[in-house]
Amino acid sequence: MTTPPRTRSGGGRLRLARALTALAVAGVTTVLAGCGAESDEADGPVTLEFWTYSLKAADPAAQAIIERYEEEHPGVTIELSEVGGTAETSSKLLAADRADDVPDLVQVEYRALPSLVVSGAVRDITDDVADVRENVDENIWALNSVDDRVYGVPQDIGPMMLTYRADLFEQYGVEVPTTWEEYAAAAETIHAQDPDVYIASFSASQFEFFAAQAAQAGSRWWNADDEGWTVGIADEASLRTADFWQDLVERDLVSVEPLLTPEWNAKVNDGRILSWAAAAWAPSVLYSVAPDTAGQWAAAPLPQWTPGDPAVPFQGGSTYLVPEKSEHAEEAAEFAAWLGASDEGSELLLDLDLYPGGNGGREATLSSDPPRLMPEQTDFYAMADQVIQDTTIPMTWGPNVNVAQSAFSDALNQAALDGTSFRDVYTATQEAVIEDLEDSGYPVRR
């Protein structure tokens, strides 16, 4: 379906929101009208206000990145404003948009992009990034795009992997699992030898992980075409993953608890939590909470639902967006393109301990030292890059991810504690998402 022409009118934006029948990230066909006011021409020095949680003003590495750009672009000053994260930042941006008092650049996680695009709060920067398009692989641009129009520049990405205690896997006599069936068997073997030790924890708050699990198993939680939305949160592929985790919880083979609490950190340090199925950023997080265990960990490809099918989605990562009402939108888009997509900028992001989305930064990882958590694993970045090149499933998000997360996480945690049905949680979440889409005026195919 052809994207309607852009309009600067607020009425056009409202009509868009009402008429939108499909909105998805990762290359599905959608209906979208970008509503973009043109950037004011700068007659003198420009100060760009940048809302970010990765570039911290007190961090010398972040300051070095900003100073490099300012040296190369006289007259441009970057002002860093730290914000709390995707949910907080998205809400703050929408409020700022209504008040006509927006920053010039905003960092959010990829899952927030659809709702911000449909609200008309962010700018279509397809033309602004045309010169750097070849510097980022298309499956990564897809995370930043809607209906083949680009709305963000990738900062970092999360190719999914399994990080595990290599020494303790060997001690308990388990091989690194290549399938989730083998993972369950390894969990049983480990826990049978020491009831205080678990292969991993089960944290219901990790919404993106469960969405990624379902995608790996063949589900699309949101999908759109010319006839409207379909929601797959309770399809058979998703319910298969729900059954898998419920079985592990009921057999006490995973520890039901949130991640990164003092208690969880202590268990990681003590060798009572032995792995984390997450993304390539996991080793840096684990090192931050358990530095004394460095050298005892390794990484491997994520276990597979279907033997022989290594495809996985991205988990996490974030993008740089230019607010529609930015007074310096062109300059902001130029800075975003440099930071996330140029060879120089994306290589500098490595100094922030990020896994960059730009090809320059990715290529630089191949000659970088391994993560400090696993200094002997010299193939770590080659393994992660192979995931990106060959096995990444496009992740599709809808405009009401916040509704799904709210309905899902607390209910799943309660089900894990009460021993009630995980399937019921997935089904109830799907119904809540469909009801919200319909209430918002989106056509939904049941």
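The structure, a predicted model, holds 4 cavities of 30 Å³ or more, a cavity being a set of points on a 1 Å grid over the protein atoms alone where a 1.4 Å probe fits but cannot get out. Volume here is the space filled by probe spheres set on the points, which are joined across faces, edges and corners. The largest cavity has a volume of about 180 Å³ and is lined by 15 residues, of which Ser201, Ser203, Phe209, Trp276 and Ala277 lie nearest its centre; lining residues have an atom within 4 Å of a point. Strand S7 (201-202), helix H8 (207-217) and strand S11 (275-279) each supply at least two residues of this lining, with the largest share, 3 residues, coming from S11. Helices (H or I, at least four residues) and strands (E, at least two) are DSSP runs, numbered from the N terminus. The lining of the largest cavity divides into 10 nonpolar residues, 5 polar and no charged, where Ala, Val, Leu, Ile, Met, Phe, Trp, Tyr, Cys and Pro count as nonpolar, Asp, Glu, Lys and Arg as charged, and the others, Gly among them, as polar.

Residues are numbered from 1 along each chain as its sequence is written. Local features need pLDDT of at least 70 and side-chain atom pairs count only at pLDDT 80 or more, whereas totals for chains, interfaces and linings use all residues, and side-chain values use heavy atoms, with hydrogens and water left out.

A search of the whole structure finds 19 salt bridges, each a side-chain nitrogen of Lys or Arg within 4 Å of a carboxyl oxygen of Asp or Glu.

Arginine 165 is buried because its relative accessibility is 5%, buried meaning under 20% relative accessible area, exposed over 50% and partly exposed in between (1.4 Å probe, protein chains only).

Alanine 337, in helix H12 (residues 329-341), counts as buried at 7% relative accessibility. Not counting residues up to four places away in sequence, alanine 337 touches Val129, Val132, Val153 and Ser342, contact meaning heavy atoms within 4.5 Å.

Conventions:
1 Å grid on protein atoms, 1.4 Å probe; cavity = no way out; pocket = protein on both sides within 12 Å on 5 of 7 lines; lining within 4 Å.
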